[in-house]
Amino acid sequence: MTWSKESREKQSNRFINPFKLIDYRGEMIAVYKNSVEAEREGGFQSNAIRQVLNGRAKTHK
């Protein structure tokens, strides 16, 4: 079975969890597509980001 371009894109978009990076004053700093992109570009730890997104932690650091 070969996947069409639309099927591949739909499957890869299932795991995208976009989020905003907000500073302590409530101002938006950046928007990332997923935690891997934030880890690569912003120097964050993806496991800490996932904990915040899942409600187990209030902040990244």
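This briefing walks through the strands, a helix, the core and a few side-chain pairs.

Keep in mind that this is a predicted model. Two strands, β1 and β2, run antiparallel, and the buried residues of helix α2 pack against both of them as well as against α3.

- Strands β1 and β2 are joined by 4 bridges.
- One place to look is K20, whose bridge partner in β2 is V31.

**Helix α2**

- Helix α2 covers residues 35-42, and its buried residues are S35, E37 and A38.
- Do these buried residues line one face of the helix, or what else could they do? Looking down the axis of α2, they fall within an arc of 155°, so they do line one face.
- The partners that the buried residues of α2 pack against are β1 (19-22), β2 (28-32) and α3 (46-53).
- Just after α2 comes G43, with a positive phi of about 75°.

**The nonpolar core**

- Which residues make up the largest nonpolar core? There are 5 of them: F19, A30, Y32, A38 and I49.
- A38 of this core is also one of the buried residues of α2.
- Setting aside neighbours within four places in sequence, I49 is in contact with F19, S35, A38, F44 and H60.
- Y32 has a relative accessibility of 9%, so this residue counts as buried, the cut-off being under 20%.

**An aromatic pair**

- The structure has 1 aromatic pair.
- Its rings belong to Y32 and F44, with centres 6.4 Å apart and planes at 70°, so the pair is edge-to-face.
- Distant parts of the chain are linked by this pair, since Y32 sits in strand β2 and F44 in the loop between α2 and α3, 12 residues apart.
- F44 has a relative accessible area of 22%, so this residue is partly exposed.

**A salt bridge**

- The count of salt bridges comes to 1.
- Its partners are the side chains of R25 and D23, at 2.9 Å from N to O.

Conventions:
Residues are numbered from 1 along each chain as its sequence is written. This is a predicted model: local features need pLDDT of at least 70, side-chain atom pairs count only at pLDDT 80 or more; totals for chains, interfaces and linings use all residues. Side-chain values use heavy atoms; hydrogens and water are left out. A salt bridge is a side-chain nitrogen of Lys or Arg within 4 Å of a carboxyl oxygen of Asp or Glu. A nonpolar core is a set of buried Ala, Val, Leu, Ile, Met, Phe, Trp, Tyr and Cys residues joined through side-chain atoms within 4.5 Å. Buried means under 20% relative accessible area, exposed over 50%, partly exposed in between (1.4 Å probe, protein chains only). Contact means heavy atoms within 4.5 Å. The arc is that of the directions from the helix axis to the C-beta atoms. Two strands pair if DSSP finds at least two bridges between them. Rings of Phe, Tyr and Trp (its six-membered ring) pair if their centres lie within 6.5 Å; planes under 30 degrees apart count as stacked, over 60 as edge-to-face and the rest as tilted.
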